[in-house]
Amino acid sequence: MLLDPRAIILFGANVLLLYLTLLVNSALASGSIYLLILGPMLVFPALYLRHQSYFICTLFTGLWVDAALPSAFGLFTIGFLFAGAFVFQMRIRFRAEHNYHPIMLAHGLNFSCILLVTVAMGFSYFSSLGFWLQVVVTSLASHLVLLVVAPWFFNFERMLFELCHMDTEPEDFPTL
Amino acid sequence: MGAPQPLQGRVDRSGQGSRTRQVALFNAQRKETLENEIQRLESILKLPSRREFRYEVARVVRRDLNAWWQQIVIRKGKDFDIPVGAAVVFSGGVVGRVVEVGAFTSRVELITSPNFRMAANFEGDERPVVYQGVVQGGFGTSVGTVRDAPQDVVASTQLPLKLVSTRLGGTFPPGLLIGRVTWLEPGSTGIFQAGEVELDSQLLSLHEVAVLIPLYPIDLDSDAP
């Protein structure tokens with residue numbers, strides 16, 4: 001099968017996470033706090049799916065994020081595919097059935113997303129102290145919130161698998 | 001199907017129609033005369049042609065305010081003929097400019113963004129200055145910068161100067177509040193002054209804005225000197 005049905009569920013969950021994040025950001029705008037929570041979107045497609053399904057799910061997620069955020073078009077599509085491929089090639093080392101490894105991965109991927117958008121969108125403001133202050137505040141706030149959001153999001157995705165009577169095991173099991 | 005109207009009634013109705021036509025004709029002639037008068041006065045005063053705007057009120061559906069971008073999304077787009085580059089205002093003054101128009105939404109670059117720049121002047125002083133957004137520190141009130149202010153302009157915390165829009169840029173109508181300038185210092189060239197502009201704190205929590213759509217958009221091919 002070209003497309004694992006779980007890819008559709010994971011894509012839907014990613015869309016929901018992005019939508020909720022944007023809602024929260026709109027509410028927090030007056031407090032000058034912004035959350036960039038993109039890391040968890042890449043973890044389960046890379047850990048659970050075969051390469052075709054992973055590619056399609058990550059590609060569409062990247063396109064969706066590119067359309068929703070005012071970044072340069074293609075930034076997250078390309079970035080997600082590279083970051084996801086990096087995790088995909090090492091996925092045999094991670095245990096996807098528990099939350100510990102996925103949460104660590106989510107933090108790492110989220111940090112790389114912040115790094116990517118900082119380099120791509122803020123290159124001309126590198127000399128500004130205010131810019132770095134705000135990047136640090138955004139990073140800290142995002143990763144603090146990620147400590148709560150990531151476990152919820154992964155459990156939510158597993159629950160969707162069960163509700164839709166999908167396979168709840170990853171394609172490759174880790175080496176023991 | 002009713003009984004035939006009496007002759008007097010038909011004459012009255014015909015007379016009323018004639019009067020209505022005459023009033024409409026008079027109004028049309030009066031409008032043309034006034035428009036000619038405006039054009040004549042504008043040509044005497046060497047003013048740029050008056051641009052009139054249509055207000056399109058729109059709700060803010062999203063705010064993306066961070067280190068990387070300072071934009072909001074409003075719930076009107078091509079469906080309401082919102083053009084790219086249109087001015088966006090609110091009750092407190094200037095909000096920004098439309099940078100992207102979708103089918104049902106538009107993206108607005110706020111005046112806090114470093115990518116935003118516009119012509120302005122101090123209230124009561126017609127000499128033009130340049131306003132530009134800066135990277136926001138994230139704490140305290142939003143700020144921008146003003147450049148090319150003349151040397152004789154003095155601003156202080158006791159008597160802050162109001163920075164308002166000017167018609168020079170062509171996008172904004174004159175007199176809209178941008179912010180308040182509490183200090184000015186000699187700029188990098190030494191010829192002009194530069195300073196910080198304190199912006200309205202409501203900019204970060206807008207719920208509703210108005211897009212100013214020009215009724216007679218500038219045609220760059222024919223209007224450019």
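A residue is called buried if 20 or more other C-beta atoms lie within 10 Å of its own, exposed if 12 or fewer, and partly exposed in between, with C-beta atoms placed from the backbone. This is a predicted model, in which local features need pLDDT of at least 70, side-chain atom pairs count only at pLDDT 80 or more, and totals for chains, interfaces and linings use all residues. Residues are numbered from 1 along each chain as its sequence is written, and chains are lettered from A and ligands numbered from 1 in the order in which they are written.

**View 1**
S32(A) is partly exposed because 19 other C-beta atoms lie within 10 Å. The residue sits in the loop between helix 1 (5–28) and helix 2 (40–48) of chain A. Helices (H or I, at least four residues) and strands (E, at least two) are DSSP runs, numbered from the N terminus. S32(A) is not a glycine, yet its phi is positive, near 55°. H165(A), also not a glycine, has a positive phi of about 55°. H165(A) is found in the segment after helix 6 (129–163) of chain A. H165(A) counts as exposed because it has 8 C-beta neighbours inside 10 Å.

**View 2. Helix 5 of chain A and its packing.**
The expected span of a helix is 1.5 Å times one less than its number of residues. Helix 5 (residues 100–121) of chain A has 22 residues and should therefore span 32 Å, which agrees with the 32 Å between its end C-alpha atoms. Its buried residues include P102(A), I103(A), L109(A), C113(A) and V117(A). Which helices do the buried residues of helix 5 of chain A pack against? They pack against helix 2, helix 4 (75–89) and helix 6 of chain A. Contact here is taken as C-beta atoms, placed from the backbone, within 7 Å.

**View 3. The contact between chain A and chain B.**
Chain B supplies 18 residues to the contact and chain A supplies 20 residues. On the side of chain B that touches chain A, strand 1 (residues 53–65) of chain B gives the most, with 4 residues. The residues of that side are 8 nonpolar, 6 polar and 4 charged. In this count, Ala, Val, Leu, Ile, Met, Phe, Trp, Tyr, Cys and Pro are nonpolar, Asp, Glu, Lys and Arg are charged, and the others, Gly among them, are polar.

**View 4. The barrel of chain B.**
In chain B, 6 strands close into a barrel in the order 1-2-5-4-3-12, with antiparallel pairing. Two strands pair if DSSP finds at least two bridges between them. Strand 4 (residues 93–101) and strand 5 (residues 106–110) of chain B run antiparallel and are joined by 5 bridges. Within this pair, G96(B) has L110(B) in strand 5 of chain B as its bridge partner.

**View 5. Strand 7 of chain B and its two partners.**
Side chains alternate along strand 7 (residues 128–133) of chain B. Strand 6 (residues 117–122) of chain B pairs with strand 7 of chain B over 5 bridges in the antiparallel sense. M118(B) stands opposite Y131(B). These two strands form a hairpin with 5 residues between them, and G124(B) in the turn has a positive phi of about 85°. Strand 8 (residues 143–149) of chain B is antiparallel to strand 7 of chain B and joined to it by 4 bridges. Here G133(B) stands opposite G144(B).

Terms used:
Two residues are in contact if their C-beta atoms, placed from the backbone, lie within 7 Å.
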